[in-house]
Amino acid sequence: MAVILLEISELEGKKAPRGEVTLVGAGRLGLRTALNLMQIHRGGPERINVIDGQRVSADDLIFRLMGATPGEYKVKFIESLATPGFSRTVRGIPEYIDQDNLHLLGGDVVCVEIAGGDTLPVTAEIIKYAQKRGSATISTMGVFGIGEEEVNAISIEEADPGNPIVEYLLDEGVTDHLLVGTGKLIRDWEPVTPYVLDRVSEVMTAEILKLLRRKLG
C-alpha cells in the first residue's frame with residue numbers, strides 16, 4: 001500500500017503547474033481564456049500574465065456578473081481572483097501593448113486576443129517579438145458567429161490566405177504561428193455571441209496547453 005501511495009505521490013508531482021503563459025487582451029474572450037487556464041487542475045501554467053489597458057464598462061456584463069466594478073482595470077480584476085493561497089501566480093498588467101513596451105511580453109507561450117480597431121499591426125509586432133524571445137505564439141483569426149460555425153486551430157502556413165488576418169500576418173513575415181477561430185470577421189453579417197466565444201476560448205486553451213507541453217517537454 002505504501003508503494004502505491006508513493007507512486008501516486010510521484011505522479012501527482014509530475015502534474016504540478018509548470019511554465020508561464022502571457023495573454024495579451026482581456027476582453028470577453030481574454031477573460032474566458034484566463035479563467036480556463038486558472039481553473040485547470042493537475043497541470044497547466046504555473047504563471048499567468050494578462051496584459052490590457054481596458055477598464056470594465058457597463059456593457060462588460062460577464063465581468064460585472066463576476067463582481068467586477070465599472071471603471072476597474074480588467075486585468076486587475078482577473079488578478080484579484082487569485083486570492084492568497086491560490087496555486088498559480090496571476091499578474092495583471094494594465095497597459096496597452098505597443099512599440100514602446102514590447103518588453104512586457106514573456107513566457108513560454110504568448111496568446112494574442114485583442115480586438116477593436118486595426119489591431120493587426122500590433123499583433124504582428126507582438127508575435128515577431130515573442131518568437132524572437134523564444135515564446136510559442138497563438139492568436140485569433142475571427143471570432144464572429146451565431147453558433148453554427150466550426151472553431152478551428154490551424155498553423156498560419158495552412159490557413160486560408162483569403163482571410164485578411166492570415167494575409168496580413170504572412171505579408172509581415174510571420175511563420176510558425178497558430179491561429180484559432182471561426183474565420184468570420186467584422187465584414188461578415190454574424191455578431192459575436194457569448195457561446196461562440198466559449199467555444200473559441202475552449203479551443204484556445206487546449207492549444208495553449210499543447211504549445212506549453214512542447215516548450216517544456
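Predicted model: local features only at pLDDT ≥ 70, side-chain atom pairs only at ≥ 80, totals over all residues.
Residues are numbered from 1 along each chain as its sequence is written, and side-chain values use heavy atoms, with hydrogens and water left out.

**Exercise 1.** Work out what span helix H7 should have, and check it against its end C-alpha atoms.

Start with the naming: helices (H or I, at least four residues) and strands (E, at least two) are DSSP runs, numbered from the N terminus. H7 covers residues 194-216, which is 23 residues, so it should span 33 Å. The end C-alpha atoms sit 32 Å apart, which agrees.

**Exercise 2.** Find which residues of H7 are buried, and what they pack against.

Buried means under 20% relative accessible area, exposed over 50%, partly exposed in between (1.4 Å probe, protein chains only). Among the buried ones are Val196, Leu197, Met204 and Ile208. With contact meaning heavy atoms within 4.5 Å, the partners of the buried residues include strand E1 (20-24), helix H2 (28-39) and strand E4 (109-112).

**Exercise 3.** Decide whether Arg42 and Asp176 are buried, partly exposed or exposed.

Arg42 lies in the loop between H2 and strand E2 (47-51). At 46% relative accessibility, Arg42 counts as partly exposed. Asp176, in the loop between helix H6 (164-171) and E7, has 65%, so it's exposed. Now the backbone: most residues other than glycine have a negative phi. Yet Arg42 has a positive phi of about 60°, and Asp176 has one of about 50°.

Technical notes:
Expected span 1.5 Å × (residues − 1).
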